[in-house]
Amino acid sequence: MAEEGESAALFSNCVFCFVKSKELDDKTIEGLTGLIKKHGGVVEEPIRKKPVNIMEAKITHIIANTNDFEDYTFATSMMVAVVKSSWIQASLMKNRLAQIRPFTPDPRMIFSDVVLTCADIPSTDKETIIGATMAMGGMDSDNVTKLTTHICALSMEHPKCKLASKKAPKCKIVLPHWFDDCFKLGKRIDEGPYLLPDPEYLRVSAKDAVPVPSSQHLEGATSAQPDYMPAPSNDVVGSRSLTAFEGIRVMLSTDLSIRDRLKEIIQGLINTNGGEIVDDVVACDWFICQYRDGPQYVRAAQLGKTVGNLSWLYYIIMHNEWTSPLKRPLHYPLPRGGIPGFEDKIITVSNYGGEARIYLENLITAAGATYTKTMKADNTHLITARNNSEKWDAAVDWGIERVNHLWLEDSYAKCQMQPLSNPRYSTFPPRTNLSEVIGQTQLTEETLRDMYYPGAPESSNSSRLKRKIQDVANENACPEGPAEGVVIGRQAHKEFDVMMDTDADYEQKTTEVFGVPAPQKRRATTQFATPAKARHLRTGKENETPSTVSSSRSAKDKALNRLSALAPDINLYEKEKKRGLKDNHGPWGGKRAADQIEREHLNRRSSFSSPATGAGEKDNETKVEKRPAKRSKPSLPDVDKRIVLTGFHRWVNDKHREDADRKKLRELGIAVVMDGQPCDYLVAPSLVRTVKFLRNLSKGVTIVSSSWIEECLDTMIMPKPEDYLLKDKENEKKFGITLAKSVRQARTNNGKLLWHIPIYCTSSIKNGPEGYRAVAEANGAIFKMYSARSGTTIKPTSPDEDEGGPDPVYLLSNSSPEEKRLWPKFTDMATKGNMEPRIVAADWLLDVVMKQEVFFDEKYLVKNFFN
């Protein structure tokens, strides 16, 4: 009987409210309502449009399988628990209120439905997987139970896997690779390829085709500028009216590019279904516009109005339910001019199909970049769902950046281009097409406010309330980590008063009632207060924070909470101070440690006090041992000469000597800089054709012999470098140049010897293409890679269209059979572009740069050079 009474009172402190959605229909709500009332709970009517009803009804739990409803922000600001319907069954099964975090409907908690147990996984990996899963909303279970949804294992031999295969057929046994890929992406992908006993992840090659999945999150959100108004869904047609507009005042902005006839249809649809069309920003509830600018948009956004575009309005008409315009990127007004940094980007797409491809095309355009259906050498980015396609291979050859769609979505949502170095944007699970997680990135009001409508809101009470609700919700959110931005509501019980009790009171009462600690409230990141003067921090108090102006109640609460937390440590410290030691022997601590610390403070204060002036006062001075003054290091002279070294044999295989010599040179005012940085001298033992030599020769720097550096190091005196100019008659004769003349010519060319001359290079050329790229680009050439997959990168041009004669185009190649097969294709491309193809050995480029004069001889043609 006691158990029945306890079960009946399970929800006795709870007041529930349901949010109807596709995932939570009327029939399901009716069944759950009966369960709640049976166990002592109270169920209120569905949430109204005004958030005050949540407070009036004292609602403690909102049951919603989505966070896409109007009052979600208000609920999070009041720390009301918003949980999925499965929370009710979990609480009944445990016979106590379940935790809030694993059942939050926030999509950023990607493992909110996962109950995980690990099998034959190494302990370190197990701890990492469990910790990350719990941080993203999952739960850990030591054993396989009815609630277990996933087992992380490497094989089916573990007893947990055998038990699950017999008694829990719905439990998924997955490889740890699934968790790793989900962690990297920050998205939950399909477990199918990772399922044991025969995972496709290990069985099938990564290069095999993967079906393109349907995009579930893009319905009605593929374009920000729809061409027509879609017809309502079957559910809406079957009903008498559009209930989504009841009591809503809508304003259509003047920047909407729609015809008068379509505008009349929209106005009539809203007016006949309980809504109203208004012309005043202050009076409206919803503001519909095309761009994120103009006085009307700024005012509406600052007033806290719901701001969306035509695509968002059409979505509501089609589905007859409210949705946040921030949930889908193309439901919010576009940034006029795009996102900074995208204006010169040329982007193409691969491995996406259907609505996902249309969505990316429109998002690229909305960001301000140029979209191309086919990829050419002038493309800057390839957005792909897999790292396996013809475009991918060509992008590798052409040096085009390769990312997944998350880079574009994050850049658009955060209103600034995201760095490509983030590994999240270069993660491509081998058997997953990333189309399945497209469209899940949401905009944030905080980012939009900072970028497009900064400043204080208007002076109306409603606008101040909405801004305050948003600010408090942001303060309640997790400040960092995998759950950044997520708000976890609080458990409710009668003893807690949200208006009177402090955070410490809530934490204590929650722990007593539920046996689990309370979620910590986020601290405000910005306090609008006059900063106090900077203070000198004494030793031992490096974490001491200057005081700031705050409210009396807030300051008292913080001080009381801090003292309560420090009380055990203070008591223990006082106890240890009183503990003496016999004969000064025993463990370090207690009175001995405290006394020595106090003596050190006394000595330190004495050392800073003013010395006595009278001779008789010297006997009364405290004798303190003074720390010897630090010897000041001699300052290094200013850098007078910057040099680049090449072929310097003194440092070969002797790192210690190199470090010591570099210090000696620096003491003389000589700095050894990296190749590519500005320099005054190039130091070389002889005339060599290294990349360093040729690049710096192209700059026209003075070239001196390495004997100058040897003299500096041996004598620690810097002679004039002009007395050590490099002279190498033998190699000058060999290469057919005069070094002094080449240097003079380089200064005249000013790095433009090969200005706009196209030079192609094969990937398998001797010594690799990167060295030749560096040399060619240092002289102003257009350097490109050429391979069998390279398309036409020279615009076809007829002789009539070209005013001058055919210009030469070069291909650096060798005589291997593989490269010979490239020659006809390159020749055909050049001929169609009215250019003269010259397939030459790399020595042509080296000799031209060495001489600093553009010339050509048929001996450099590959067919002649290697014979």
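Select F183 to begin: this residue is partly exposed, with a relative accessible area of 22%, where buried means under 20% relative accessible area, exposed over 50% and partly exposed in between, using a 1.4 Å probe and protein chains only. The model is predicted, so local features need pLDDT of at least 70 and side-chain atom pairs count only at pLDDT 80 or more, whereas totals for chains, interfaces and linings use all residues. Residues are numbered from 1 along each chain as its sequence is written, and side-chain values use heavy atoms, with hydrogens and water left out.

Helices (H or I, at least four residues) and strands (E, at least two) are DSSP runs, numbered from the N terminus.

Next, select β9 (residues 249–252) with its neighbours, where four strands form an open sheet in the order β10-β9-β11-β12 with parallel pairing. At the edges stand β10 (276–277) and β12 (306–308), each with a single partner strand, so one side of each is left without a neighbour in the sheet. Two strands pair if DSSP finds at least two bridges between them; β9 and β10 have two, and R249 has E276 in β10 as its bridge partner.

Move on to helix α30 (residues 843–851), which is mostly covered, as seven of its nine residues are buried; among them are W844, L845 and M850. The buried residues of α30 pack against several elements, including α26 (739–749), β21 (758–762), β23 (807–812) and β24 (835–840), where contact means heavy atoms within 4.5 Å. Show these strands as well: three bridges join β21 to β23, which run parallel, and β23 pairs with β24 in the parallel sense over six bridges, with L812 opposite V840 in β24.

Finally, select R838 and F856, where the charged end of R838 sits over the ring of F856, 4.2 Å from its centre. That description requires NZ of Lys or CZ of Arg within 6 Å of the ring centre and within 35 degrees of the ring normal.
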